[in-house]
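Here is a report on one protein chain. Look through the sequence and the structure first.

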Amino acid sequence: MQLDNQVSQAEDGVNKLQDNLLDAMDNLQKAKDKLSEKQRELADLKVEYDFREDVDEIKDYADTFDKNTPQGAADYAAAMQRYQSAAAEVAPVEGAITQYKSTIDQLEESIETIQENIDSTYDSYSQAVTSTNIQSNEIREEQKKTVENQISATQVGIEQAKLGIEQAQESLDSYTITASISGVIETVNLKEHDFATSSNPAFVISNKDTMVATYYVSEDVRNTFSVGQKITLKKDDAIYDGEVIEIGSAIDATTGLFKVKAAVKGDTSNLLSGTKATVTTDTYHEKNVVIIPYDSVYYDGTKAYVYTAVDGKAKRTEVTTGLFDNDRIVITDGLTRDDTIITTWSAQLRDGVEISVPGSSADTGNSEDTESTVQE
């Protein structure tokens, strides 16, 4: 009777452990499903609020605006409002993700412990059955077959559980992710149990041979760009050449501007991904026009004019201006390359005053000295 009790207890122990194993595996799958659901929810929030890993990125972006200007203050307020909304939604989702990851780790440890207990209990069960058969020849053949079938079923269950664990571990060990480019890993966005999405890449890899500068411009400036256009990039004291490779066709929702990308050429090993640099390129240009010193142009209201030298006298000549910088200005109408403009200012300079042109043989007495320059 004692041996029968041992057999019964061992059999009950194996069955109970198998039930516990199935429950634990079922709970593990449910926890993984919940984790996946929360990770997808977090990925959607990252897309909705436009941040990559940490919601504080929105706050950092807000700090880039100049709050001393009306536009900067408005942009800062909008960004901070987006940050507060995002933080309120992201925090509980991230907390749930952390909790599910902890639960998964605990369940995996529990499954491993149950498996070890099943093996130990099965050994005790087999020993009890063997002892009973040796000491009692009165066990009926049907009971013997029932016990053997139970043992076989238990063994099949154990082997199937082992096979499932081994296959999962083998898949985990042999799974390999291959990047499409060679380079240096600069950012890792995933941790164990995380899922990679198009909005949250697993890794950021920089290829120093194909560095790309990304910048944003207004619509009127964007319309002056073309693919292949030359650019100059300055980082600290280093200068790099490059060319435009992509011109955005839609407004960026975050900046309200158009995104432009340019490939940077040369030795870019000292450039780091995500750093800021200065990009310079041509936007507007004029061809076959007259260029004169900027200080030679005067204004009467909205009308621009210059003084030209005609027959030893200053003549007020109205002009139409174009592009300009601090030193030069384009004259699109009103002058020709044969005209001589007065670049020396004087309080007596007015229409009709007598002047002298350096290098001329004419002697005009107490007249104003002048210089001339007309460029194309």
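## Model and overall fold

This is a predicted model. The chain has 376 residues, and 27% of them count as buried. Its secondary structure comes to five helices and 14 strands.

Sequence separation in the contacts is worth a look. Take the contacts between residues at least 6 apart in sequence: 64% of them join residues at least 24 apart.

## Nonpolar cores

Which residues have the most contacts inside the largest nonpolar core? They are Leu21, Tyr49, Phe51, Val55, Ile58, Ile114 and Ile118. The core holds 29 residues in total. Four helices each supply at least two of its residues: α1 (2-49), α2 (56-62), α3 (70-135) and α4 (141-174). The largest share is that of α3, with 13 residues.

Leaving aside residues up to four places away in sequence, Tyr49 touches Ile58, Arg82, Ser85, Ala86 and Glu89.

## Salt bridges

Side chains of opposite charge can pair when their charged atoms come close. The structure holds six such salt bridges. Among them are two made by Glu243, one with Lys230 and one with Lys265. Together, Lys230, Glu243 and Lys265 are linked in a network of salt bridges.

In the bridge between Glu243 and Lys230, the closest N and O atoms are 3.5 Å apart. This pair links distant parts of the chain: Glu243 lies in strand β5 (residues 238-251) and Lys230 in strand β4 (residues 230-235), 13 residues apart. For the bridge between Glu243 and Lys265, the closest N and O atoms are 3.4 Å apart. That pair also links distant parts of the chain, with Lys265 in the loop between β6 (258-264) and β7 (278-280), 22 residues from Glu243.

Lys230 has a relative accessible area of 54%, so it counts as exposed, being over 50%.

Another bridge joins Arg328 and Asp325, at 4.0 Å from N to O. Arg328 counts as partly exposed, with 45% relative accessibility. Asp325 is partly exposed too, with a relative accessible area of 33%.

## The largest pocket

Rolling a probe the size of a water molecule over the atoms shows where empty space is left. The largest pocket contains about 1,900 Å³ of space. Its lining is made of 41 residues. Nearest its centre lie Arg52, Thr214, Tyr216, Gly274 and Thr275.

Which elements supply the lining? At least two residues each come from α1, α2, β1 (184-188), β3 (212-217) and β6. Strand β3 gives the most, with five residues. By class, the lining has 17 nonpolar, 12 polar and 12 charged residues.

Note on methods:
Residues numbered from 1 in each chain as written. Predicted model: local features only at pLDDT ≥ 70, side-chain atom pairs only at ≥ 80, totals over all residues. Heavy atoms only, no water. Core = buried A, V, L, I, M, F, W, Y, C linked by side-chain atoms within 4.5 Å. Buried < 20%, exposed > 50% of the residue type's maximum accessible area, 1.4 Å probe, protein only. Contact = heavy atoms within 4.5 Å. Salt bridge = Lys/Arg side-chain N within 4 Å of Asp/Glu carboxyl O. 1 Å grid on protein atoms, 1.4 Å probe; cavity = no way out; pocket = protein on both sides within 12 Å on 5 of 7 lines; lining within 4 Å. Points joined across faces, edges and corners; volume = space filled by probe spheres on them. Nonpolar A, V, L, I, M, F, W, Y, C, P; charged D, E, K, R; others polar.
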